[in-house]
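Student: Let us go through this model by question and answer. Where do we start?

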Amino acid sequence: MAVKPPWERIIDCCMELSNYVLGYQRLLFPYFVLHDHVHASNVARYARSLSALVGATTQAHMAILECSAYLHDCGMALPPRVINRLELTEGEVREDSEEALKKLEDVLGGKYPEYFQGGVLRLRSELAPLGYLDALVVRALHAWLSARFIERNLYEWLRELKVEDELLHQVTESVAAVVRWHNSNVKLVDNTREVGGYRVNLGDLARVLRLADAMDFSRSRGRFVYEQLVEDLRENSPSMLKHWVFKMA
């Protein structure tokens, strides 16, 4: 049996990691439209079809883009204790987007400081599934949580492929950057890096990932969340029912 080229094996490995991690998303995070392995696969498919728009045609471009698509929401499928161990700092988020933190502060109001005591993100509970306020925080910061998870885990996962060590470090760093920048509050700029002998503009890949991510909204994704929340919304937040009725329509 022929061995696949390194770039294809890297993509397959990221897809496998995505299926493993995101398989728990429904259990841990049943508050918003699905961000599971099916969504990740759809986003990867859309990203492949859009890649030529920014000239992302080399093996390196496609590998980083597809791996980023498969892993862009992994931060929304992690147990609370794992999220706390990532030790995401307020400063790291602010470096990319002051606006993201401002929007989160507007939503949380006086409870915002509770999540960044000492400048490090810590959820209020380590029990699963996430409480609703904790879920709001994770939803707002999942791009950075996903990136941190990738930085700490993807290299070790890829080492099993027996590929050149420097390439694996380059792929890990590049995928983490694209995933972090898929948050729509980050102002994208050109950011070109060398990956496996190719010059890759990560800003362009983040633009494609944003568009591919936005393209995957369906009634089936919305229906799951609506069915999970409808009773609670009816009793506690009836005004939000309008929001979900609009999405379902």
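Student: Where is the place of Val54?
Tutor: This is a predicted model: local features need pLDDT of at least 70, side-chain atom pairs count only at pLDDT 80 or more, and totals for chains, interfaces and linings use all residues. Residues are numbered from 1 along each chain as its sequence is written, and side-chain values use heavy atoms, leaving out hydrogens and water. Helices are DSSP runs of H or I with at least four residues, strands are E runs of at least two, and numbering goes from the N terminus. Val54 sits in the loop between α3 and α4.

Student: Does Val54 count as buried, partly exposed or exposed?
Tutor: Buried means under 20% relative accessible area, exposed means over 50%, and partly exposed is in between (1.4 Å probe, protein chains only). The relative accessibility of Val54 is 30%. Val54 therefore counts as partly exposed.

Student: How much accessible area do Leu53, Val54, Leu211 and Met215 have together?
Tutor: These residues form a nonpolar patch on the surface. Patch members have over 30% relative accessible area and no salt bridge; nonpolar side chains (Val, Leu, Ile, Met, Phe, Trp, Tyr) are joined within 5 Å, like charges within 9 Å. Areas come from the Shrake-Rupley method with a 1.4 Å probe, and for residues only the protein chains shown count as cover. For Leu53, Val54, Leu211 and Met215 together, the area is about 350 Å².

Student: How many Å apart in space are Gly55 and Asn201, C-alpha to C-alpha?
Tutor: Gly55 lies in the loop between α3 (37–50) and α4 (59–71). Gly55 is partly exposed at 41% relative accessible area. In sequence, Gly55 and Asn201 are 146 residues apart. C-alpha to C-alpha, the distance is 9.6 Å.

Student: What is the relative accessible area of Val195?
Tutor: Val195 is part of strand β1 (residues 192–195). Glu173 is 22 residues away from Val195 in sequence and 9.7 Å away in space, C-alpha to C-alpha. Val195 is buried, because its relative accessible area is 0%.

Student: Where is the place of Glu87, which has a positive phi?
Tutor: Glu87 is not a glycine, yet its phi is about 55°. Glu87 counts as partly exposed, with 46% relative accessibility. The place of Glu87 is the loop between α5 (80–86) and α6 (90–96).

Student: What positive phi does Lys162 have?
Tutor: Lys162 is found in the loop between α9 (132–158) and α10 (165–180). Lys162 is exposed, because its relative accessible area is 73%. Lys162 is not a glycine either, but its phi is positive, at about 60°.

Student: Which charge do Glu164, Asp165, Glu166 and Glu194 gather in a patch on the surface?
Tutor: Glu166 lies in helix α10 and is partly exposed at 48% relative accessible area. Lys and Arg count as positive, Asp and Glu as negative; His and the chain ends are not counted. The place of a charge is NZ of Lys, CZ of Arg, CG of Asp or CD of Glu. For Glu164, Asp165, Glu166 and Glu194, the charge of the patch is negative.

Student: How many salt bridges does a search of the whole structure find?
Tutor: A salt bridge is a side-chain nitrogen of Lys or Arg within 4 Å of a carboxyl oxygen of Asp or Glu. One case is Glu90 with Arg94, whose closest N and O atoms are 3.6 Å apart. Glu90 and Arg94 are about one helical turn apart, because four residues separate them in helix α6. Over the whole structure, the number of salt bridges is 15.

Student: How far apart are the closest N and O atoms of Arg180 and Asp96?
Tutor: Arg180 is buried at 18% relative accessibility, whereas Asp96 is partly exposed at 22%. Their salt bridge has its closest N and O atoms at 3.0 Å. Arg180 lies in helix α10 and Asp96 in helix α6, so the pair ties together parts that are 84 residues apart in sequence. The distance asked for, again, is 3.0 Å.

Student: With which residue does Glu114 form a salt bridge?
Tutor: The closest N and O atoms of the Glu114 bridge are 3.3 Å apart, and the partner is Arg124. Glu114 is in helix α8 (residues 112–115), its partner ten residues away in the loop between α8 and α9. Elsewhere, salt bridges that share partners join Glu92, Asp96, Arg148, Glu151 and Arg180 into one network. For Glu114, the partner is Arg124.
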